Amino acid sequence: MTTTTNTQSTVPEITADERADRITKAGTAWSERIDADRSSSQLSYAVEGAGVGSVATTVRAGKHSFIVDEPAALAGDNIGTSPVEYALGALVGCQVVVYRLYAQQLGIPFDDIVIRAEADLDAAGLFGVDESVRAGFSEVRLDIKLTGPESDERYDELRKTVDAHCPVLDIFQNPTPVKTTVSRA
């Protein structure tokens, strides 16, 4: 079975004022919802993937789908981003959201944000060559570039707040229990 995808998304243009208004309204709505019913803050997410090609996976997440694959050196067809790159992308994407959210909430404005995530992975762990090496990243480095009118001290205050509240950063920094079952279809 061959599965292909050719999805192009265009991010709508938005002004800083429109972004601030949307973030404020969303934050207010969530605060009110949580205050009225604490259980409404409990969110569940699910994605589903199916193997295709050599080692690729077609992933469905809500109404979106994407291909995860590996480069040829890892037996892939290089038709999609690798799983570890998607993990770094999820971290970068969550950081952007949380920076914008808390910049608005704390009154620490910035004009632009660009985040680069780098990580190190020793393939000896992946391939079971050295069991003393972990299979995942040994270190992740985030380089966050903010442009704007605030001082370095204010942006450091923002960084500390984001670090404390970013869900994907929390996943990277803290063990999360994973329960796995394997069954026959």
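Which helices each supply at least two residues of the lining of the largest pocket? In this predicted model, they are helix 1 (16-36), helix 2 (83-106) and helix 5 (167-173). The views below start with that pocket and then turn to the sheet.

**View 1. The largest pocket holds about 1,300 Å³ of space.** Its lining counts 31 residues, and those closest to the centre are Ile23, Ala26, Val97, Val98 and Leu101. If you want a place to start looking, pick out these five residues.

**View 2. Helix 1 gives the largest share of the pocket lining.** That share comes to 10 residues.

**View 3. Three strands make an open sheet in the order 1-2-3.** The pairing here is antiparallel. Strand 1 (48-52) and strand 3 (64-68) sit at the edges, each pairing on one side only. Ignoring direction, neighbouring strands of this sheet are turned by 20° against each other on average.

**View 4. Here's the pairing of strand 1 with strand 2 (residues 56-61).** The two strands run antiparallel and are joined over five bridges. To get your bearings, find Ala50: standing opposite this residue is Thr58 in strand 2. Strand 1 is one of the edge strands, so named for pairing on one side only.

Definitions and conventions
Residues are numbered from 1 along each chain as its sequence is written. This is a predicted model: local features need pLDDT of at least 70, side-chain atom pairs count only at pLDDT 80 or more; totals for chains, interfaces and linings use all residues. Side-chain values use heavy atoms; hydrogens and water are left out. On a 1 Å grid over the protein atoms alone, a cavity is a set of points where a 1.4 Å probe fits but cannot get out, and a pocket is an open set with protein on both sides within 12 Å along at least five of seven lines; lining residues have an atom within 4 Å of a point. Grid points are joined across faces, edges and corners, and a volume is the space filled by probe spheres set on the points. Helices (H or I, at least four residues) and strands (E, at least two) are DSSP runs, numbered from the N terminus. Two strands pair if DSSP finds at least two bridges between them. Axes are lines fitted to C-alpha atoms, for helices over the stretch in contact, and angles run from 0 to 180 degrees between N-to-C directions.
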